[in-house]
Amino acid sequence: MDLNRIQLVTDAFPCFSLVPEAAWRHPDITVERFSTQLTMQQGHLFAHAAFVLSGKVRIYIISESGREVTLYRVQRGGVCVLMMASILGETGYEASAQLEEETELLLLPVDVFKDWMDHYKDLRQFIYRNMINRMVSVTSLVEDIAFKPINARIAELLLRRTTDSHNHLSITHEAIAIELGTAREVISRSLKEFEKAGWLQLGRGRITAIRRDALQEKLFPSDW
């Protein structure tokens with residue numbers, strides 16, 4: 001790997017800053033760009049550890065009934081901690097991954113990744129810190145699914161995806177259902193309630209005229 005490419009990697013991942021130039025000359029260390037057709041299924045055994053340099057990857061699980069639940073997304077400067085746990089534990093992948101846009105990845109052979117984990121403290125701390133942070137976020141997601149009313153969760157999603165100056169969203173009811181881990185019919189029913197209350201307008205694959213102030217008032221379960 002040339003010096004310019006190494007600099008691009010360390011800009012996105014400062015945890016690699018202390019890795020000497022000679023270590024990057026391993027013939028199987030590569031940077032590759034993948035299209036959205038790439039997916040990774042549960043149970044996969046990894047030959048490389050992947051670090052996202054650009055793009056976006058959705059990490060999700062599929063229930064026995066076939067329902068998808070989005071766990072988190074990984075973007076520039078991030079890693080899938082379930083992938084890292086799979087590699088370090090030498091077990092199959094416990095989730096599935098889908099590229100939501102063209103994505104560039106740094107690929108480290110598993111043996112190189114494990115060796116660098118042993119030798120470079122910054123990398124080790126980066127991986128374990130990400131594991132802790134994701135554990136907290138996934139625990140929060142599970143609590144939301146179990147205890148928070150779906151109307152409040154839909155309101156939160158709409159608020160996250162919009163701003164006061166950009167109060168519309170191109171998204172299907174099915175996509176929201178996958179994001180929130182529920183049935184499309186549940187999403188459609190709740191959104192129709194929102195529309196009836198005057199908080200938004202529904203269109204084909206679009207939600208417009210979103211009243212963020214009204215949704216903000218409805219975030220607390222006691223309001224429902």
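Trainee: Which residues does G205 touch, not counting residues up to four places away in sequence?
Mentor: Contact means that heavy atoms lie within 4.5 Å. With residues up to four places away in sequence not counted, G205 touches L169, S170, I171 and T172.

Trainee: What is left out of the side-chain values?
Mentor: This is a predicted model, in which local features need pLDDT of at least 70, side-chain atom pairs count only at pLDDT 80 or more, and totals for chains, interfaces and linings use all residues. Residues are numbered from 1 along each chain as its sequence is written, and side-chain values use heavy atoms, leaving out hydrogens and water.

Trainee: Is G205 buried, partly exposed or exposed?
Mentor: G205 is found in the loop between β9 (201-203) and β10. Buried means under 20% relative accessible area, exposed over 50%, and partly exposed in between, with a 1.4 Å probe and protein chains only. The relative accessibility of G205 is 31%, so this residue counts as partly exposed.

Trainee: How many helices and strands does the protein have?
Mentor: Helices (H or I, at least four residues) and strands (E, at least two) are DSSP runs, numbered from the N terminus. Counted in this way, the protein has 8 helices and 10 strands.

Trainee: What percentage of the residues count as buried?
Mentor: The C-alpha trace spans about 65 × 35 × 30 Å along its principal axes. The protein has 224 residues, and the part that counts as buried is 42%.

Trainee: Which residues have the most contacts inside the largest nonpolar core?
Mentor: A nonpolar core is a set of buried Ala, Val, Leu, Ile, Met, Phe, Trp, Tyr and Cys residues joined through side-chain atoms within 4.5 Å. In soluble globular proteins, nonpolar side chains tend to be buried together. Here the largest core has 48 residues, and those with the most contacts inside it are F16, W24, F51, L106, W116 and I127.

Trainee: How many residues are in the second, separate core?
Mentor: Within the largest core, W24 is one of the residues with the most contacts. Leaving aside neighbours within four places in sequence, W24 is in contact with M1, I6, V9, F16, V19, I29, L106, L108 and W116. The second core is separate and includes L159, I171, I187 and L200, and its size is 19 residues.

Trainee: Are helices α6 and α7 roughly parallel or roughly perpendicular to each other?
Mentor: Axes are lines fitted to C-alpha atoms, for helices over the stretch in contact, and angles run from 0 to 180 degrees between N-to-C directions. Angles under 35 degrees count as roughly parallel, over 145 as roughly antiparallel, 65 to 115 as roughly perpendicular and the rest as oblique. The axes of α6 (residues 173-180) and α7 (residues 184-196) come within 8 Å and cross at roughly 115 degrees. The two helices are therefore roughly perpendicular.

Trainee: Which residues of α7 make the contact with α6?
Mentor: On the side of α6, the contact is made by H173, E174, I176, A177 and L180. Their partners in α7 are R184, I187, S188 and L191.

Trainee: How many charged residues does the contact of α6 with α7 have?
Mentor: Ala, Val, Leu, Ile, Met, Phe, Trp, Tyr, Cys and Pro count as nonpolar, Asp, Glu, Lys and Arg as charged, and the others, Gly among them, as polar. The contact of α6 with α7 has 5 nonpolar and 2 polar residues, and its charged residues number 2.

Trainee: Which residues of α7 does α5 meet?
Mentor: Helix α5 (residues 150-161) packs against α7 at an angle of about 75 degrees, with the axes 10 Å apart. That makes α5 roughly perpendicular to α7. From α5, I150, N151, I154, A155 and L158 take part, and they meet V186, I187, S190, L191, E193 and F194.

Trainee: How many nonpolar residues does the contact of α3 with α4 have?
Mentor: The axes of α3 (residues 110-119) and α4 (residues 121-147) come within 6 Å and cross at roughly 105 degrees. The contact is made by F113, W116, M117, D118 and H119 of α3 and K121, L123, R124, I127 and Y128 of α4. By class, 1 is polar and 3 are charged, while the nonpolar residues number 6.

Trainee: Is E90 buried or exposed?
Mentor: E90 is found in the loop between α2 (81-89) and β6 (96-99). Phi of E90 is near 55 degrees, a positive value in a residue other than glycine. With a relative accessible area of 62%, E90 is exposed.
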